[in-house]
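Hello,

Here is the structure I promised to send over. Have a look at it first, and then read on for what turned up.

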Amino acid sequence: MFVAEKNALSEEIESLVNKYGNNRSSLLMILHEIQQKHRHISEFAQQEVARLLNIHPVEVYSVISFFAFLNSNPKGRNLVRVCQTISCDMQGKSGLVKAIERELGIKIGETTKDNKFTVEYTNCLGLCDMGPAMAINDQVFLQLTPEKAVELLGKVK
Amino acid sequence: METIKKKRTGPVIFSEYKRGDAIKKALSMTREDILFELKDSKLKGRGGAGFPTSTKWMLTAAAKADKKFLVCNADEGEPGTFKDRVLLMEFPELVFDGMVVGGYTIGAQKGIVYLRGEYEYLLKPLEDYLEVMRKDNLLGKNILGKEDFNFDIEIFLGSGAYVCGEETALIESLEGHRGEPRNRPPYPINTGYLGRPTSVNNVETLAAVSHIVIRGGIWFAKFGSDKSTGSKLFSVSGDCEKPGVYELPWGIKISELLKIVEAKNTKAVQIGGASGHCVPKSQFNRTLAYEDVPTGGSIMVFNESRDMLHVLKNFMEFFVDESCGQCTPCRIGNVKLLEGVEMIEKGEFTFAHINKLKDLGRTMQLASKCGLGQSSPNPFISILENFNDEIFNAGNGGRNGK
């Protein structure tokens with residue numbers, strides 16, 4: 001990471017700490033915003049958060065490792081999550097996943113070479129009445145067919 | 001999100017309600033009067049555990065502290081449950097008004113909505129809605145001119161952890177820690193968020209409170225059965241023509257519900273989500289109520305074509321994924337149960353081993369620290385016992401003859 005990038009990230013984290021307050025209760029919201037913007041929370045970001053909240057960096061890491069939606073390793077620019085829980089499973093989740101895997105040339109859990117997509121399974125999205133469901137970043141899509149799912153991926157920048 | 005708003009009607013929750021009415025009415029009453037109305041209503045927590053709301057609020061109101069909190073548990077993670085999504089999307093007024101009433105009753109200054117990360121798309125519309133409430137003085141300082149009643153609501157976003165629906169895990173995560181459940185007691189009503197008395201209530205419970213305040217506890221108690229008063233929102237999914245959220249009185253028979261949602265050739269119904277019980281066809285005359293088959297509202301329908309072992313495997317994979325790993329019975333037990341399911345799938349099992357695993361399941365029910373591990377063996381035990389013919393005897397010990 002270049003020094004300029006580091007400074008920018010430090011400033012960003014500082015403003016987040018100002019927004020949510022420099023106490024431990026703000027930790028998850030701060031991490032959430034960093035995750036949203038950068039798709040991962042780097043070691044440097046973890047150290048900065050820890051420093052500003054006055055806790056040990058390992059405390060930050062322990063929280064990140066607990067939650068499914070937070071990660072410390074980089075992922076693709078767009079995160080695709082396919083619901084794997086039973087209602088979506090019965091409505092054709094595996095067809096969806098196979099089509100996506102074919103189209104992107106990766107297996108579930110992997111990231112495309114151009115770093116555009118990471119495809120993952122997720123547990124119940126709470127859209128069981130309109131499955132199979134899939135989320136691309138923070139948007140959700142319902143009643144998908146394999147064809148429609150692939151079409152949606154094509155529209156992502 | 002590309003959904004169409006349906007016009008919903010129902011006896012209680014989906015009956016007519018005007019924004020702010022419950023707050024106005026509540027502020028004209030004393031705190032004790034509200035608690036008495038709730039007591040008359042016999043409202044029980046709608047998250048699934050069914051603890052009487054009036055008792056919870058009475059204890060929180062009686063606790064002495066400089067600050068108190070009211071938390072709305074919108075971490076709806078149970079597979080097959082989506083009623084809170086509908087409530088928050090289409091009826092935010094019921095939920096938020098219920099929170100203000102709760103804040104007034106227990107003497108809290110701050111309400112927190114713990115919204116699950118999967119519902120992030122609801123965050124913006126809900127925050128906009130709260131802003132409108134602030135403008136109309138339904139939130140903020142001296143609400144509707146009531147002196148010294150200050151209450152505001154904040155939305156906190158979860159990050160994809162099923163266990164955070166457990167109230168102490170939820171509080172841990174609010175405080176910026178891993179979402180690992182605490183020992184109870186002490187209960188959150190005494191030692192909750194930041195060590196202060198905290199009442200954690202389900203979204204649907206709060207929505208019901210808004211109606212109870214307006215129309216009274218006696219009115220509410222007229223619906224449903226004696227022990228399960230009022231109505232319930234059922235999230236129906238799976239093999240039926242009309243999946244969706246239904247408001248029905250407690251005490252309805254499973255077979256009646258299946259008729260309403262137009263389910264055909266039904267073999268089994270999973271009630272209460274992955275951690276609930278699987279009810280076979282022979283028991284469809286049982287009723288949905290706290291005294292018979294209790295549920296947080298998740299109803300998943302399986303027809304004759306479904307392989308119950310596959311269903312069970314999906315549930316056990318879910319629990320292995322979502323166990324927080326803090327206590328041994330849950331962390332290791334769920335993995336062992338999943339291994340058992342895989343053995344059956346491959347046809348490489350002994351009945352002696354499966355029976356041992358059932359015993360392990362019963363041990364988990366007793367020894368796990370929180371509701372997750374206490375209830376995760378439920379599908380393992382109920383599916384293997386209710387569908388033993390299909391799973392063990394239909395072929396040569398293989399699954400379903402395959």
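Two residues are in contact here if their C-beta atoms, placed from the backbone, lie within 7 Å. By that rule, and leaving aside neighbours within four places in sequence, K313(B) touches V341(B) and E345(B). Please keep in mind that this is a predicted model. Its scores are ipTM 0.94 and pTM 0.95, and chain B has a mean pLDDT of 94, with 97% of its residues at 70 or more.

To stay with K313(B) for a moment: this residue sits in helix α11 (residues 308–322) of chain B. K313(B) counts as partly exposed because 19 other C-beta atoms lie within 10 Å, while a residue needs 20 or more to be buried. D21(B) is 292 residues away from K313(B) in sequence and, C-alpha to C-alpha, 47 Å away in space.

Now the interface. On it, 30 residues of chain A are in contact with 40 residues of chain B. On the chain A side, the elements giving two or more residues are α2 (27–38), α4 (57–66), α5 (86–90) and β4 (139–141). That side comprises 17 nonpolar, 9 polar and 4 charged residues.

Chain B also holds an open, mixed sheet of 5 strands, ordered β6-β5-β11-β8-β9. Its edges are β6 (244–249) and β9 (277–280), each pairing on one side only, and neighbouring strands are turned by 30° against each other on average, direction ignored. Strand β5 (residues 231–238) of chain B runs antiparallel to β6(B), joined by 6 bridges. Opposite Y246(B) in β6(B) you will find F234(B).

Best wishes

Conventions
Residues numbered from 1 in each chain as written. Chains lettered and ligands numbered in written order. Predicted model: local features only at pLDDT ≥ 70, side-chain atom pairs only at ≥ 80, totals over all residues. Helix = DSSP H or I, 4+ residues; strand = E, 2+ residues; numbered from the N terminus. Buried ≥ 20, exposed ≤ 12 C-beta atoms within 10 Å, placed from the backbone. pLDDT = per-residue confidence, 0-100. Nonpolar A, V, L, I, M, F, W, Y, C, P; charged D, E, K, R; others polar. Pairing = 2+ DSSP bridges. Axes fitted to C-alpha atoms, helices over the stretch in contact; angles between N-to-C directions.
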